[in-house]
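Dear colleague,

Please find below the structure that I am handing over to you, together with its sequence.

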Amino acid sequence: MEVSLHLQHKLETKLSLTPYVKQSLEILKYSLEELEHIIREEANANPLIELIEPNSEHLLEMARVPNSQASNYESDALFDPLLHIPQQDSSIEPYLMEQLAVQRRLTKSEREIVLYLIRNLNESGYLDCDMEETAERFRVPIEKCDELISLLQSFEPAGIGARSLRECLQLQAARDGNAPKHTEALILRHLEDLAQGDFQFVADLYGVPKREIENAFSYIKQLNPRPLMAVQSARQELIIPDIIVEEFNGEHIISINDMYLPQISINPHYEELLRITDCGETGTYLKTKLSDAILLMRGIEQRHETLYKVTESILKKQRAFFQKGTKALVPLRLKEIADHVGLHESTVSRTISNKYIRTPKGIFALKTFFIRGVKMHNGEVESPLLIKEKIKAIIDSEDRNKPLSDQKIANLLLAEGIPIARRTVAKYREELSIPQSARRTKK
């Protein structure tokens with residue numbers, strides 16, 4: 001067998017990101033608080049960077065505590081606080097990543113999806129992303145996403161990755177071999193009945209003594225509705241908005257909030273030293289640090305420009321929001337904004353991640369403005385918020401002696417050209433805090 005060595009030319013195209021682009025994309029994903037931390041870290045490591053501290057006189061005035069956020073929505077009954085909780089401290093990621101690392105049978109693609117799910121958990125541990133969009137993003141069947149959500153939900157703490165309070169409690173009960181009988185069924189079907197103290201009503205349905213239902217309810221009350229509290233202490237944070245929108249003469253003016261950030265300047269002593277030391281190790285070191293400082297400043301500037309463009313595009317699409325609040329939000333997807341501003345969809349995703357906007361209607365997460373709609377028979381896309389209004393109107397006008405079931409409500413909506421499943425009606429009804437038909441019967 002003859003062995004020979006030879007050279008071979010091979011042409012191929014590769015996408016290469018410049019240090020500036022890499023720095024800009026990295027900075028873009030940071031919230032205002034995170035960016036402030038990064039700037040201070042860079043200043044500590046780079047002697048050429050000098051910081052001019054911000055005037056903190058008005059910072060507390062523009063910040064609001066998350067728990068009081070719902071007051072900004074006034075009479076907007078469709079506000080769902082679970083969808084507007086700030087994301088958890090990033091320290092939870094390593095804890096979950098350790099559990100992901102031991103899942104040896106996962107493919108690289110599956111690991112990327114689970115990591116994406118982990119990064120879309122809010123501070124309570126609830127999963128806050130649309131499964132259809134996730135499946136489309138990773139080009140996998142939605143069944144694969146459901147399978148990987150189940151995997152995430154098997155991690156510690158129990159209840160992690162739930163998509164609702166019911167699912168969170170049910171996941172915890174399912175793991176506990178000592179949970180009282182019927183606990184999971186009670187969580188999924190009768191939380192409202194139990195909360196109202198209708199123990200005898202539920203006991204009759206299951207043919208068990210009232211005391212058994214009372215014991216199950218006592219157990220349920222001990223479950224943790226915020227599973228991440230088991231691994232990190234809850235802390236009150238101030239929300240500092242990244243964007244501020246103000247109304248002036250009927251126009252809405254967008255400004256990027258940089259009042260919280262220290263300003264970056266170059267230390268004049270080292271700048272002068274660089275002029276006279278243009279070679280050698282010292283010169284090379286100073287040039288590298290100057291380049292790092294310039295990259296940081298340009299990255300922050302690029303972040304602000306991108307954030308402004310994306311916000312401007314969002315508000316153009318959601319113009320009615322300023323008149324009617326969140327109930328007037330129309331279906332909107334990342335791709336629409338990406339196409340409108342000429343950016344990649346992943347860049348828009350980075351831009352809105354963990355960012356907040358202060359408007360005349362209150363402080364909102366930028367993700368609030370992205371709603372997946374329901375496609376009607378005429379081809380138009382209807383907002384879930386408006387569908388919830390229709391469900392509420394149907395229930396408000398029903399015969400209290402014969403309240404409508406979820407299936408009958410779904411049939412009425414179908415007659416209006418809105419194809420919606422019974423389980424979706426049940427989901428929206430629960431989000432509106434409207435009890436089941438059996439509990440709406442006039443007494």
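This is a predicted model: local features need pLDDT of at least 70, side-chain atom pairs count only at pLDDT 80 or more; totals for chains, interfaces and linings use all residues.

Residues are numbered from 1 along each chain as its sequence is written, and side-chain values use heavy atoms, with hydrogens and water left out.

**The chain as a whole**

The chain has 20 helices and eight strands; helices (H or I, at least four residues) and strands (E, at least two) are DSSP runs, numbered from the N terminus. Of its 443 residues, 44% count as buried, where buried means under 20% relative accessible area, exposed over 50%, and partly exposed in between (1.4 Å probe, protein chains only). The accessible surface comes to about 25200 Å², and carbon and sulfur atoms hold 50% of that area; the areas come from the Shrake-Rupley method with a 1.4 Å probe, and for residues only the protein chains shown count as cover. Among contacts with a separation of 6 or more, 66% are between residues 24 or more positions apart, contact being defined as heavy atoms within 4.5 Å.

**The four-stranded sheet**

Strands of a sheet pair through backbone hydrogen bonds, either parallel or antiparallel. Here an open sheet of four strands runs in the order S3-S2-S5-S6, with mixed pairing; two strands pair if DSSP finds at least two bridges between them. Its edges are strand S3 (251–256) and S6, each of which pairs on one side only. From one strand to the next, the twist averages 20 degrees. For such angles, axes are lines fitted to C-alpha atoms (for helices over the stretch in contact), and the values run from 0 to 180 degrees between N-to-C directions.

S2 and S5 pair in the parallel sense over two bridges, with Ile244 opposite Arg358 in S5. Strand S5 (residues 356–359) and S6 are antiparallel, with four bridges, and a hairpin of two residues joins them. Tyr356 faces Ala365 in S6, and Thr359 has Gly362 as its bridge partner there. In strand S6 (residues 362–365), Gly362 and Phe364 point one way, Ile363 and Ala365 the other, and all are buried.

Helix H14 (residues 280–317) lies across S2, S3 and S5, and runs at about 155 degrees to S3. In helix H17 (residues 345–352), the buried residues include Thr347, Val348 and Ile352. Just after H17, Asn354 takes a positive phi of about 60 degrees.

**Asp242**

Asp242 is placed in the loop between helix H12 (210–221) and strand S2 (243–248). At 1% relative accessibility, Asp242 counts as buried. Which side chain does Asp242 join in a polar contact of 2.9 Å? The partner is the side chain of Arg303; a polar contact is a pair of N or O atoms within 3.5 Å, where within protein one must be able to donate a hydrogen and the other to accept it, and residues adjacent in sequence count only if both atoms are side-chain atoms. A polar atom of the Asp242 side chain also lies 3.0 Å from the backbone nitrogen of Leu32. Leaving aside residues up to four places away in sequence, the residues that Asp242 touches include Ser31, Ser255, Leu307, Asn354 and Tyr356.

**Aromatic pairs**

The structure holds six aromatic pairs. Rings of Phe, Tyr and Trp (its six-membered ring) pair if their centres lie within 6.5 Å; planes under 30 degrees apart count as stacked, over 60 as edge-to-face and the rest as tilted.

In one of these pairs, the rings of Phe199 and Phe217 have centres 5.6 Å apart and planes at 50 degrees, so the pair is tilted. Phe199 belongs to helix H11 (residues 199–206) and Phe217 to helix H12, so the pair ties together parts 18 residues apart in sequence. Phe199 is buried at 15% relative accessible area, as is Phe217 at 18%.

Phe321 and Phe364 have ring centres 5.2 Å apart and planes at 85 degrees, so this pair is edge-to-face. Phe321 lies in helix H15 (residues 321–324) and Phe364 in strand S6, so parts 43 residues apart in sequence are tied together. Phe321 is buried, with a relative accessible area of 1%, and Phe364 is also buried at 1%. Phe321, Phe322, Phe364 and Phe369 form one aromatic cluster.

With kind regards
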